[in-house]
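Have a look at the sequence and the model below before you read on. Keep them open while you go through my points.

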Amino acid sequence: MRSIVPDYLNEALGDVEAVASGEPAGYIPELALADPERLGAVFATVDGEVYGAGDSDVEFTIQSISKPFTYALALSDRGFDPVLARVGVEPSGEAFNEISLESDTGRPRNPMINAGAITTHSLAGAEGLRPAERVERVVQGLSAFAGRQLKVDEMVCASEMENAHRNLAIAHMLRSHGILTEDPRAVVEGYVRQCSVLVTARDLAMMAATLANRGVNPLSNEQVVDQAVVRQVLSVMATCGMYDAAGDWATQVGIPAKSGVAGGLIGALPGQLGIATFSPRLDAHGNSVRGVSLFERFSSDMGLHVMEVPPAARAVVRSNRVRAGAEGMTRIFRLQGGIRFAGAERIVREVLESAPSEPRVVLDVSLVHSIDDVARRMLLEVARRLTLDGHEVVLVDPEAMIPAPDPGDGGRLTVVSEL
Ligand code: DON
């Protein structure tokens, strides 16, 4: 049998192939020369499977898709506070190259518009790096997200720099507000080099999959940035990634995303996959026309909208039984699936409603595949309270889902790998 996914991708590309509206970016002369017919799409799963269709291995410049990744590097290299002090997280509802700053703080509104991205570029790497070293840090960081060494397209870089009047104006304005502290031209040169990094749709899908996979590149297994950084980046992509089309995108597609004026578009669906499309003709917002259309289709065909969740998780309590044995009566709660707050609350309720009178109570998590921090703490508190009520509490946990469990303060828990 052939895999279903590439056939689906080819069919989706076929459906948008004839759409000819929009124009390649005209304000960067080298980009205006792009072949407008190029069309590709790639899915990369969080466990490293990559499906490509069409022009998935054609190189083009990353442009604004570099912004969320450089923001991630700045957060990672400098910490949240210094970055947030200089760049906000509010959607601007403005075009990507709007010359605007927050009136009270002088900060750019978010890191996805050029003003924010130019500032973010200046914050990548350790403080005090020379401009060339900072570019090196950014290119290496983008390469780590992609899982292969990326390089700069010198032609596009020079072409953009010759026409960078607007970005230079933005950088000078940032310098006058003390948001940039260095030579504005050097920062714009670095930012333009960052935007000129060559990628393929396959690279972009891997970069997006790294965000979807909590910062770990699914192929190299490198933890590129930590989870707190990923959460921040995905949140900003979800609210600001599509500029003045962010609201339409959030409601219709609902995947944290970022576009670039060379025609790339990425979406990162936490826990599932990274998606990238490539098609150079842009709409009025600077977003790829056929890319947007493909994402709308992917989202509705495959139920990828982040606000669309599966029906309430199958009962986390698989069974609740009493067993008689040599050691007396035992109440056994067999738990299953992924447990987060709502699942843990359901377990607390099950235990309360059962009001176990048996001397032993067993919490069996052998069928649990994930348990987050709050759920883990709630289960330990259940164990503690059961101990205080006079029960012997046993945790069946063959895969150490709850490592080194400590119910604390009067709680006692015996851990076994099977009953
Ligand atoms: O700064 C610029 O104008 C370009 N280097 C990047 C703009 C961009 O990709 C906007 N996104 N769609």
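Predicted model: local features only at pLDDT ≥ 70, side-chain atom pairs only at ≥ 80, totals over all residues.

1. Residues are numbered from 1 along each chain as its sequence is written, and side-chain values use heavy atoms, with hydrogens and water left out.

2. Start with the open sheet: 5 strands sit in the order β2-β1-β7-β6-β5, with antiparallel pairing. (Strands are DSSP runs of E with at least two residues, helices are runs of H or I with at least four, and both are numbered from the N terminus; two strands pair if DSSP finds at least two bridges between them.) Which strands stand at the edges? They are β2 (50-54) and β5 (257-259), each with a single partner strand, so one side of each has no neighbour in the sheet.

3. Now zoom in on one pair from that sheet. Strand β1 (residues 40-45) is joined to β2 by 5 bridges, and the two run antiparallel. Alanine 44 is the residue opposite valine 50 in β2.

4. Next, find the hairpin: β8 and β9 form it, with 2 residues between them. Strand β8 (residues 317-325) pairs with strand β9 (residues 328-339) in the antiparallel sense over 8 bridges, and arginine 323 faces threonine 330 in β9.

5. β9 also pairs with strand β10 (residues 360-371), in the parallel sense over 9 bridges. In this pairing, glycine 337 stands opposite valine 368 in β10. To get from β9 to β10, the chain passes through helix α14 (residues 341-354), and this β-α-β crossover is right-handed (with the strands pointing away from the viewer, the path from the first strand over the helix to the second runs clockwise).

6. Finally, the largest pocket holds about 1700 Å³ of space. (On a 1 Å grid over the protein atoms alone, a pocket is an open set of points where a 1.4 Å probe fits, with protein on both sides within 12 Å along at least five of seven lines; lining residues have an atom within 4 Å of a point. The volume is the space filled by probe spheres set on the points, which are joined across faces, edges and corners.) Of its 43 lining residues, Pro270, Gly271, Arg340, Ser370 and Asp372 are the closest to the centre. Helix α11 (227-240) gives the most to the lining, with 6 residues.

7. Where does this pocket lie? Domain 1 (4-302) and domain 2 (312-416) both give residues to the lining, so the largest pocket lies between them; the domain bounds come from an automatic or database domain assignment.

Terms used: Pairing = 2+ DSSP bridges.
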